[in-house]
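Take a look at the protein below. The report that follows covers its charged pairs, its overall build and its surface.

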Amino acid sequence: MTISPAFSHVGITVPNLPQAVDWYQEVFGYYLLAGPLEVREDDSPLGRAATGIYGVGFTRFQFAHMASPDGSGFEVFQFDAPEYERPERNFEFWRSGVNHFAVTAKDVTALAAQVVAAGGRQRSDVVVIDPDRGFEIVYCEDPWGNVFEACSHPYTYMWSA
């Protein structure tokens with residue numbers, strides 16, 4: 001039997017959880033499902049679970065569960081320790097791991113402008129993937145350097161034959 005999991009959510013780390021929750025609510029229209037929740041490195045059930053995931057030394061973190069208007073999950077984390085670091089090179093696409101997350105927006109140019117106006121960054125020009133079908137993408141960053149791609153059409157529509 002093959003298990004075929006469905007996508008659930010993506011999680012990002014930021015230095016200021018309330019600011020990030022506000023930013024994603026205002027810029028992306030995401031809504032808060034739960035939180036901010038606090039987890040301490042202790043003997044509580046959540047503390048033991050988090051130590052199993054992150055190892056010893058995180059001390060405490062807060063996180064919030066959010067969702068996009070279409071119901072996709074989005075988690076935002078703020079850790080107390082080790083101290084938050086924003087890497088100088090935050091888009092090392094050649095390294096193992098997630099190199100971006102993606103959203104769908106009918107007008108990627110307008111979304112990129114909205115991101116920049118709210119303190120984020122547009123990383124690339126708007127790229128026309130298929131001019132006949134109007135497919136466009138643009139890469140951006142939130143104010144904390146988390147890289148995302150904005151696609152003009154749903155993923156399966158853009159990439160299926």
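## Charged pairs and the fold around them

Arg 86 counts as partly exposed, at 43% relative accessibility. Here buried means under 20% relative accessible area, exposed means over 50%, and partly exposed lies in between (1.4 Å probe, protein chains only). This is a predicted model, in which local features need pLDDT of at least 70, side-chain atom pairs count only at pLDDT 80 or more, and totals for chains, interfaces and linings use all residues. Residues are numbered from 1 along each chain as its sequence is written, and side-chain values use heavy atoms, with hydrogens and water left out.

Which residue forms a salt bridge with Arg 86? The partner is Glu 141, with the closest N and O atoms 3.2 Å apart. Glu 141 lies in strand β8 (residues 135-141) and Arg 86 in the loop between β4 (73-79) and β5 (101-104), so the pair ties together parts that are 55 residues apart in sequence. Glu 141 is buried, with a relative accessible area of 2%.

A salt bridge is a side-chain nitrogen of Lys or Arg within 4 Å of a carboxyl oxygen of Asp or Glu. Side chains of opposite charge can pair when their charged atoms come close. By this rule the count is nine salt bridges. Three of them are listed here.

| Salt bridge | N to O distance |
|---|---|
| Arg 40 and Glu 38 | 3.2 Å |
| Arg 86 and Glu 141 | 3.2 Å |
| Arg 89 and Glu 92 | 3.9 Å |

Arg 40 is partly exposed, with a relative accessible area of 43%. Glu 38 is partly exposed at 43% too. Both belong to a network of salt bridges that also links Arg 60 and Asp 80. In the last pair of the table, Arg 89 is exposed at 54%, and Glu 92 is partly exposed at 23%.

Now the whole chain. The protein chain has four helices and nine strands. Helices (H or I, at least four residues) and strands (E, at least two) are DSSP runs, numbered from the N terminus. Their order is β-α-β-α-β-β-β-α-β-β-β-β-α. Of the 161 residues, 35% count as buried. The C-alpha atoms fill a box of roughly 60 × 45 × 30 Å, taken along the principal axes.
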